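Dear colleague,

I am handing over the structure we spoke about, and below it you will find what was found in it. Please read the notes with the coordinates open.

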Amino acid sequence: MSITVQHISKSFGTVKALKDVSFEVKEGELFGLIGPDGAGKTTLFRVLTTLYLADEGAASVAGFDVVKDYKDIRQNVGYMPGKFSLYQDLTVAENLEFFATIFGTTIAENYDLIKEVYVQIEPFKNRKAGDLSGGMKQKLALSCALIHKPKVLFLDEPTTGVDPVSRKEFWEMLKRLQQKGITILVSTPYMDEAALCDRIALIQDGKILEIDTPEAIVKHYPKTIYDVSADNMYLLIESLKAYAYNYSVFPFGEFVHYSDSRDSFRLEELKGYLETKGLQEITIDIAETTIEDTFMELAR
Amino acid sequence: MKKENVIEVKNLSKVFGDFTAVNQISFEVGKGEIFGFLGANGAGKTTAMKMLIGISNPSSGQAKVAGFDVYKNAEDIKKNIGYMSQKFALYDDLTVKENITFFGGIYGLSRTEIKEKAEVLIHELGLQEVAKELVGSLPLGWKQKLSFSVALLHAPKIIFLDEPTGGVDPITRRQFWEMIYKTANTGTTVFVTTHYMDEAEYCDRVSIMVDGRIEALDTPKKLKDQFNVKSMNDVFLKLARG
C-alpha cells in the first residue's frame, strides 16, 4: 500500500474535522477524495503530509509512519496545497530552482518528469509567479511539487477556480504522471471529476461516506432515477415535492431527478398528477445515475 | 405572451489600450429569465458584467439594464439590481440580523421595512435559531443562502450572481437552485456569471464568451443538440478549443 489511513480523527476546538477516517491507496493508484468545502479534505492532506498531528489513529505514506518518520515522508511526497503557496516575488524559474535545491536535486536531473507540464510555462520563466494567470500558477505549483521525483503526490483541489479547458488538460496530465508510477491522492469538490479516478472516497462533515470505483458507487444507488421536465421548473419541483410517493426530488440541470418510493411505479400516473398541477410539456425518462445522486443519497 | 426585456445589449465593447476585452457583444435577457453568462478565465465576462452593473463605462455600443442606460443612468441601475458573488461575503463579525439591518439600510429601506423583511427572511431560511449568531460561525451553505436573500432585500428587478454555488455540497447547491427558481418565478431576472458548467445546465438560456465575443447563445438543450454532446462542459470544450 502506498497510503494507509487507520481510524484517523482530528478536532479543532469543538469542531470535529475528521471522524474515524480509514482507507488505503494502492501503489500507482489515482485516488480521489470527493467532497464539498468543509468536508475535511485539507485536514486529511495535512495529516498525511505531516503538517498536522492527528488526535487519534495511525497513517503511513510510502511505507513511512506519519509521526515517527515524518522526515522521510517529506522527502518522498509532493504536495500541492489548495492555496497557491509559491513565492510570488520569485520568477517561475527561481521558484523551481528553489524547490529543487531544497530537496537536494537539480532541475536537469528530473526534467523528464516535469517536462510536459513545465514546457507550457517555460516561455514565461522570467515572469514573477505572482503575475501568472490561474492556470499557469497551477502548472508551476505542480512542477515544483514534482521536481524531487516524489513517490506519492498530494493534490488538494488543484482544479478549483480553473476553467473547463484547463481542468481537462490538468487531468490528462495526472493520468500521464500516474503512468510513470506515481501514486496520486487528489481532492476535488467537482463530482464530475470523480469519474476520472481509479477509486474514490466520498467525504462529508469529516466522515467517509463510501469508498469504491466510480462505476461501482453509481451502481449502489437503490432506486431508478427519472429525468422529469416541464414548462415551469419551479412549479415542477414544488409539485414533485408534494407528491405523496416521492423518494427523492432534486433539481439536476435542465431536469429534475425524481425517484419513487413504490416498487410498482407507473409513469403515466405521475404524468397525470403533474398535469392536474397545471404543468405542460411534461417529459419523464429514465436518467443516468451519477456520482452526485449517490452522494446526496448517502449524505441524507 | 409578450416578452419583456430587462437587459438589452447592442454591440457593446470595452477596450483597454490596444486590448479589446469585450468585442461587440449583443444579447437580450427577459423578465424572470435565468440567464447564464459563461466564459473561460480571461474571456471578458467580468469586464462585461462590470459595464452592465454600472461600475465601468463601455468604450462603445449600447446597453440598457432594468430600463436604464449604462452611460447616463448608472446610479439608477445600481438601485435596481442585486449582486452576490461567491467571494463577496456578508460581514462575518456581525450577526445574521445585524447583516440584514446593515444591508437594508444601505439599500435605503426604512426601519419598519427592514424589520418586517428581516423577520420574513429569517423565517423563510429557517435561521430563527441562529439569528443572533455571528455570520462567521455559520456553515458556508447557510452563508450563501443568506447572502442571496440579502441581495434581494430591496426587491431588485435583476439579481447578478457570480459563481453562486462553487464549493458547496450537492444538496445545499440544489436548495440554492430552488431558491433561484423561486425568485425567477416571481419575475426577478437572474443573471449568473460562471465558469462552472454544471451551473450552466440550470439556466434557461446561456451565452458563452470566447476572447471577448459571444460565440454561442441558446438554451442548454439546444446547444447540446447543436454540438451533438451530452453536457454543457463538452459544449464549452468544443467552443473554447475551436
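In chain A, strands β1 and β2 form a hairpin with 2 residues between them, and Gly13(A) in the turn has a positive phi of about 60°; strands here are DSSP E runs of at least two residues and helices are H or I runs of at least four, both numbered from the N terminus. β1(A) and β2(A), the latter spanning residues 15-25, pair in the antiparallel sense over 7 bridges, where pairing requires that DSSP finds at least two bridges between the strands. Within this pair, Val5(A) stands opposite Phe23(A). β1(A), residues 3-12, also pairs in the antiparallel sense with β4(A), residues 56-61, over 5 bridges, and there Ile3(A) stands opposite Val61(A).

Please keep in mind that this is a predicted model, in which local features need pLDDT of at least 70 and side-chain atom pairs count only at pLDDT 80 or more, while totals for chains, interfaces and linings use all residues. Residues are numbered from 1 along each chain as its sequence is written, and chains are lettered from A and ligands numbered from 1 in the order in which they are written.

Chain A is divided into domain 1 (3-219) and domain 2 (226-299), with bounds that come from an automatic or database domain assignment, and the C-alpha centres of the two domains lie 38 Å apart. Their contact takes 10 residues from domain 1 and 8 residues from domain 2, counting two residues as in contact if their C-beta atoms, placed from the backbone, lie within 7 Å. On the domain 1 side, β9 (199-204), β10 (207-212) and α7 (214-219) of chain A each supply at least two residues, and α7(A) gives the most, with 3 residues.

The largest nonpolar core has 149 residues, of which Phe154(A), Ile184(A) and Val256(A) touch the most other members; such a core is a set of buried Ala, Val, Leu, Ile, Met, Phe, Trp, Tyr and Cys residues joined through C-beta atoms within 7 Å, buried meaning that 20 or more other C-beta atoms lie within 10 Å of the residue's own, with C-beta atoms placed from the backbone. Helix α5 (residues 134-146) of chain A gives the most to this core, with 6 residues, and the core draws at least three residues from each of domain 1 and domain 2 of chain A.

Between the chains, the contact takes 28 residues from chain B and 25 residues from chain A. On the chain B side, α6(B) gives the most, with 8 residues.

Best regards

How values were computed. Buried ≥ 20, exposed ≤ 12 C-beta atoms within 10 Å, placed from the backbone.
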